[in-house]
Each structure stands twice: as C-alpha cells, then as structure tokens.
Amino acid sequence: MKCFELSNGVQIPAIGFGTYKAAEGDTADVIRTALEAGYRYFDTASFYQTEEYIAKAVRDSGIDRKELVIATKAWKTEMGYENVRQAFYQSLERLDTDYMDLYLIHWPLRSPEDADWAQIDAETWKAMEELYREGKVRAIGLSNFLPHHIENLLGCCEITPMLNQLEIHPGHMQEAAVCYCREKGIFVQAYRPVGRGQLFEDVLLKHLAEKYGVSVPKLCLRYEYQRGFASIPKASQKEKMVENLNIFDFEISNTDLYQIDTMPPLGWSGEHPDRERV
C-alpha cells in the first residue's frame with residue numbers, strides 16, 4: 001500500500017476503509033472482510049457506533065495492532081476540554097486499544113447557531129495537544145474544518161493540526177480549503193471520495209472510466225491519489241473492497257486530470273459546517 005506522510009512523520013495508507021453507517025447489519029463481519037481484503041487503515045468515530053465492531057474484527061483477525069492505523073473522531077457533544085478527554089478514553093475502551101493512531105475533532109461547530117464555537121474549539125484542541133504529548137495518540141487533526149475555523153486554532157495552538165478530513169471528490173474539490181491546508185502543512189484526506197450516485201452517471205467520468213478500463217469509483221480514487229489526497233471509501237462486498245484498494249495499476253494523463261479538475265459542481269452531500277444541511 002502506498003502511504004502519505006503527515007507533518008510529524010506518521011504515515012497513513014493512501015486508501016483506508018470508511019465505517020460510517022456500517023452499523024447496519026453485522027458490521028464486525030464487514031470489517032473482518034475488509035481486513036481480509038487487505039485494508040489496514042480504518043476510519044471511525046464515536047458517532048458512527050462502529051468502534052466496538054472494529055475491535056471485535058481485529059481481535060478475531062489475529063493481526064498485530066501495530067500493523068493497523070485506526071482513526072476516530074470526537075462528536076459535537078464531546079467538545080470542550082474535559083469532555084473530549086473523557087470521550088477519547090471511552091473510544092480507546094470501545095476500540096480495545098491503549099493508543100490511537102489518529103484522533104480528530106469531527107465538526108468545528110456544535111450547531112450553525114453556536115456562538116461560542118471559537119472558544120470551544122480552542123479548549124478542545126488544547127486537550128488534543130495534551131493527549132498527543134502524553135503519547136496516547138500518534139497524530140491529531142480535524143474533520144470538516146474550513147480556513148476560518150482553522151485560523152481560530154492557529155491563533156492559540158501550540159501544535160498545528162496534522163490532518164483535515166474533507167468531503168472531496170470530482171465535482172466537489174473544495175479548492176479554497178485544500179489550498180489553505182496545504183499552505184499550513186495540514187494534510188487533506190478525502191471522505192465520500194466517490195461522491196453520490198450522480199457521479200456514476202456523469203458523462204465525462206463514464207467516458208474516462210471506459211477509456212482506462214476501470215469503474216467510475218476506481219477512477220475517482222485514482223484521481224484523488226494523483227492529486228495528493230488519501231481517501232477513505234466504503235464498500236460492503238469484498239469484490240468492491242479489493243477494487244477500491246487496487247488503484248495503482250493505471251495512471252490518469254495530465255489532460256484527463258485537468259478535465260476532471262474543471263468539472264461543474266456535482267455530487268455534494270449537502271453538509272456544511274456553518275449551515276443547516278441542504
């Protein structure tokens with residue numbers, strides 16, 4: 001597996017396994033299948049209610065914990081200095097591990113009307129820095145933070161966030177946020193990397209997928225990799241899991257990269273940290 005390196009030297013696989021909404025059905029079996037398919041990076045969150053399933057699947061697999069990269073996130077209700085420390089240790093317990101590879105603040109605002117978000121974010125980040133210094137987590141970062149949210153943290157933090165997770169896919173590349181993060185040395189990871197069903201029917205993506213002899217999801221993941229993003233796709237069938245991992249057997253030309261870069265807006269989930277969901 002190809003890897004990307006964070007600012008503190010921690011390496012994360014280019015492709016991970018997303019567990020959002022995987023709690024429907026026997027999730028431990030799904031994660032166990034992902035382990036068998038070759039995944040070693042698992043993305044979860046307290047809100048997803050999949051941490052215990054990951055722990056069970058890892059125990060059953062017999063794979064050494066040190067071979068895995070596990071990321072989890074503190075939910076909106078777990079923000080604040082004391083709350084996030086407590087939430088972190090609860091996640092450790094559910095994941096049956098004594099350290100975390102990556103711990104993120106899930107959203108910058110508890111609600112669009114959150115007038116105290118800047119102070120709450122700062123207090124939350126202070127606790128995250130302490131957990132990092134204590135050796136409880138190998139890297140700390142953010143999810144869904146836009147430049148103005150990050151500016152608030154950089155004005156008071158001692159440790160710059162190492163990663164920011166954003167909804168990134170063809171048709172929704174968030175150029176302003178990505179450029180800002182890269183200027184600050186914050187690595188960007190793509191969630192929802194293959195967007196929604198709209199992308200599967202896009203004329204350009206279908207044409208390019210046919211040209212390269214791959215599926216539209218595989219084309220999207222390869223595109224993101226070539227543009228410097230790690231991705232965390234989801235899948236429930238082993239065949240799709242394997243396909244999502246194996247994106248290194250072809251390369252998209254520069255001309256085709258530019259065509260995808262300049263696609264019209266498409267496939268946005270409707271979620272924005274400062275607004276009600278569209």
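I started with helices α1 (residues 27-37) and α2 (residues 51-61), whose axes come within 8 Å and cross at roughly 50 degrees. Helices here are DSSP runs (H or I, at least four residues), numbered from the N terminus. Axes are lines fitted to C-alpha atoms over the stretch in contact, with angles from 0 to 180 degrees between N-to-C directions.

A note on the source: this is a predicted model, where local features need pLDDT of at least 70 and side-chain atom pairs count only at pLDDT 80 or more, while totals for chains, interfaces and linings use all residues. Residues are numbered from 1 along each chain as its sequence is written, and side-chain values use heavy atoms, leaving out hydrogens and water.

Back to the helices: I put α1 and α2 down as oblique to each other (under 35 degrees is roughly parallel, over 145 roughly antiparallel, 65 to 115 roughly perpendicular, the rest oblique). Then I looked up who touches whom, with contact meaning heavy atoms within 4.5 Å. From α1, Thr27, Ala28, Ile31, Arg32 and Leu35 meet α2 residues including Tyr53, Ile54, Ala57 and Val58.

Next, aromatics: I searched the whole structure and got ten pairs (ring centres within 6.5 Å; planes under 30 degrees apart are stacked, over 60 edge-to-face, the rest tilted). For Tyr212 and Phe250, I found centres 5.8 Å apart and planes at 45 degrees, so I logged the pair as tilted. Tyr212 sits in α8 (residues 203-212) and Phe250 in the loop between α10 and α11, 38 residues apart.

I also checked Phe250 for burial: at 11% relative accessibility, Phe250 is buried (under 20%; exposed is over 50%, partly exposed in between, 1.4 Å probe, protein chains only).

Last entry: Phe4, Phe187, Tyr225 and Phe248 make one aromatic cluster.

Technical notes: Helices (H or I, at least four residues) and strands (E, at least two) are DSSP runs, numbered from the N terminus. Rings of Phe, Tyr and Trp (its six-membered ring) pair if their centres lie within 6.5 Å; planes under 30 degrees apart count as stacked, over 60 as edge-to-face and the rest as tilted.
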